Amino acid sequence: MEARLRVRRFDPESGDADARSGARYQSYALEVPGYATVLDTLLQIRDDLDGSLALRCSCRSAICGSCAMRINGQARLACKTKVSALAPNGEEITVEPMGNMPVIKDLVTDMASFWNKVKAIEPWLQTAGPPPQREYLVSPEATHDLTQVMGCIMCGACVSDCATLETELGLGKDPDATFLAPAALAKAYRFVADPRDGADNERLLALSRAEGIWDCTRCNICVEVCPKGVAPMDQILALRRKAIEAGYEENLGARHTLEFEKTVRESAWL
Amino acid sequence: MRAALEASRKSVNVAVLSKVHPLRSHSAAAQGGINAALGDEDTWEAHAFDTVKGSDYLADQDAAEVLCKEAPADIIELENMGTVFSRREDGRLQQRPFGGAGFPRTCYVGDITGQAILHVVWEQLIKAGVPTYEEWLVTSLAVEDGACRGVIAMEMRSGQVQAIAAKAVVLATGGLGRVYQPTTNSLISTGDGMSLAYRAGAPLMDMEFVQFHPTTLKDSGVLLTEGARGEGAYLLNSLGERFMARYAPQKMELAPRDVVSRAEQTEIDEGRGVDGCVLLDLRHLGEERIRERLWQISDLAQDLAGTDIRKEPVAVRPGMHYHMGGVKTDIDGTTPLPGLFAAGECACVSVHGANRLGGNSLLETVVFGRRAGAAAADCASAAADHNVSQAAVVDQEKALKAVLERSRREDTTASIRREMGTTMTAKLGVFRTEKEMAEAVEKIRELRERYRSLGVQDKGRVFNFDLANYLELGYLLDCAECVATGALARRESRGAHSRRDFPERDDESWLRHSLCYHTADGPRLEYSPVTLTRWQPERRAY
């Protein structure tokens, strides 16, 4: 099977102005096995055609989170995307680095701000007292609920395509001062939803501030692009409900929601 | 990371240095679970016996005892840290049966156990404020006055080489899966730590023992967890027979991996395979059980093999999965090179001997990671400050420049890697013979010779994966040579090392560990005794 890839290149060390500006696309055509993924194809390009092509990858099984990139305009894991599925008739596939992050080289992006936001939500279990003698008793239902968010592999696909973040970055805001974005908020929900975690109130208060849960525009893109079915937006909405239930209403988002509800209740009008 | 966490608890100055972000580590790929004797009927002694028997009696029994005795507390700690282990109705940890085990003692998080634990340990590292140096590729260990004094490493983002001084270094670099092609292992599993230690003078132990996992996907070589069989899946041949009845009538599909892989290979070789594979049948488990406990492999089979495991059996075959050997350590992770420690797959304590049981590898990383971290912290507390000589950095930089100046010709990093991988798979596979192994040793030597004159196409320094792959291939070739040399010398069949020309285990001559020492002419082999505490070697049947 012939695979045709059009790859966005960026080389910070190049003498060529186009390569430095990130405006250069390079097309490759090569013979690949019928089962090849976009990752297999990119690696074959690096092995046989162009050793300078830079991309991150490791497990090839959609669990390490290394190879998120934009494929035909949408963030996907290259190892989970089959060439034959996207290009049944040999169409050219466009491969670009993730969005909403600076590019370091070719498909390698700078994820510093992504990690800073994950760290900002204090991503560790904060239990109320000392641990029990043995394991915490947790119902199987509670573990099932957590399993969905826990399946997040921190690949960055949701952040790459987040519309809120794109708007804020487009306005020139400091990346670390922008919307916390879907991955970090889904991670936050993972702790709020964990019956062992005792810091729900502190977490919900912090998340109700600017750049937190109320900045999501509910565009649903994160749900569509997540390769692991984490549905980050659903977790953000769950956090909003929990924040209101906990009484954190002193912000525009919560007040808007409550007024909205009140209007509908009283007048049945929008 | 578990070692770093333990060291930080001992108030020493510690950092993690990794060639990828820590969450990209191969531990994330562990699917099925982690063992501990937590059940009321179960005992750590039973777990240790299963481990020793599974190892075909090559495990050091004192080490297996430590592993199994300390397992329950480590699992409970992982749970207390936040791991969302699957539960029973009463809220306690659920355990599933696994290969070669006398009790259901494998704790799990669906079929993403490794990912779940890896993320939790990383969270604890952030909480503890341990700095991580991400995307630094170690190029050599700094050895001065006969001790390890730190590492020389290249920062991928800048391409710059730096010396990083340390009073103690713990290697936790994983396995050497990429020596083979195909393998279930991540692209980053290139034997770095083993090769670095070997070049620095530390011996590598039991390198000939390579585990072939019975259920890997045909084309991609990707893993489908043993948990599938733990949940009750069948293995079928082309006649629709559950052929394990002929090889392990009691344990059937849940015999240890070496036994099942040999059975599959025999079925395939004798013409009862299906297109070079056998079939893994999960249909009778039902959709709900697959969705709740095996969702990852359900996705993988769909995405990579186009098979809906709820509706049809999936073609699988034995594939390179794990390496029992590694840097020789004691039960505290101490290697014979002062200042150097090792834990996890890159180390050989040895708890796995000639064949590892499923669910014991994650356990090993946690138990011996903790112990190595504590021992390294004690070592660092007792050591004086020192700097690493800049000469090593200058030499390394010179060596990299020489590679960058050579152009990429017909012979490439990729072509040598492929020849190595296919040679190892063909000649050092599930079944082995003298002739084929000797050919493999010759081939690896030829590839080493060709490796010397390789060049690279990428001449830059920023994220130069061409250069990184070149360095990794050097590590792989070291490992391949040790695996092949150790295997050729061992004239018996034990665990995963199964020779057609020497089909029996020979305790008289071979109940001993092999040790590979680096010399200019290739590995020099020595042997050392196996520690037996309470179990005498018996015939191994399942």
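Which residue stands opposite Leu137(B) in strand 7 of chain B? Select Leu137(B) to begin, and the residue standing opposite in strand 7 of chain B is Met154(B).

This is a predicted model, in which local features need pLDDT of at least 70 and side-chain atom pairs count only at pLDDT 80 or more, while totals for chains, interfaces and linings use all residues. Residues are numbered from 1 along each chain as its sequence is written, chains are lettered from A and ligands numbered from 1 in the order in which they are written, and side-chain values use heavy atoms, with hydrogens and water left out.

Next, select the sheet of chain B, where three strands form an open sheet in the order 6-7-8 with antiparallel pairing; helices (H or I, at least four residues) and strands (E, at least two) are DSSP runs numbered from the N terminus, and two strands pair if DSSP finds at least two bridges between them. Its edge strands, each pairing on one side only, are strand 6 (136–144) and strand 8 (161–165) of chain B, and the twist averages 30 degrees from one strand to the next. Strand 6 of chain B is joined to strand 7 (residues 147–155) of chain B by eight bridges.

Move on to helix 13 (residues 413–427) and helix 15 (residues 465–489) of chain B, which pack at an angle of about 25 degrees with their axes 10 Å apart; axes are lines fitted to C-alpha atoms, for helices over the stretch in contact, and angles run from 0 to 180 degrees between N-to-C directions. Helix 13 of chain B is therefore roughly parallel to helix 15 of chain B, a description that applies to angles under 35 degrees. Among the residues making the contact are Ile416(B) and Met420(B) of helix 13 of chain B, and Leu473(B) and Leu477(B) of helix 15 of chain B.

Now select Val351(B), in the loop between strand 17 (347–348) and helix 11 (361–382) of chain B. Val351(B) counts as buried because its relative accessibility is 1%, buried meaning under 20% relative accessible area (1.4 Å probe, protein chains only). The C-alpha atoms of Val351(B) and Ala64(B) are separated by 5.0 Å, although these residues are 287 residues apart along the chain.

Finish at Arg190(A), in helix 8 (residues 181–192) of chain A, which is buried at a relative accessible area of 3%. Not counting residues up to four places away in sequence, Arg190(A) touches residues including Leu146(A), Arg196(A), Gly82(B) and Glu123(B).

Note on methods
Parallel < 35°, antiparallel > 145°, perpendicular 65-115°, else oblique. Contact = heavy atoms within 4.5 Å. Buried < 20%, exposed > 50% of the residue type's maximum accessible area, 1.4 Å probe, protein only.
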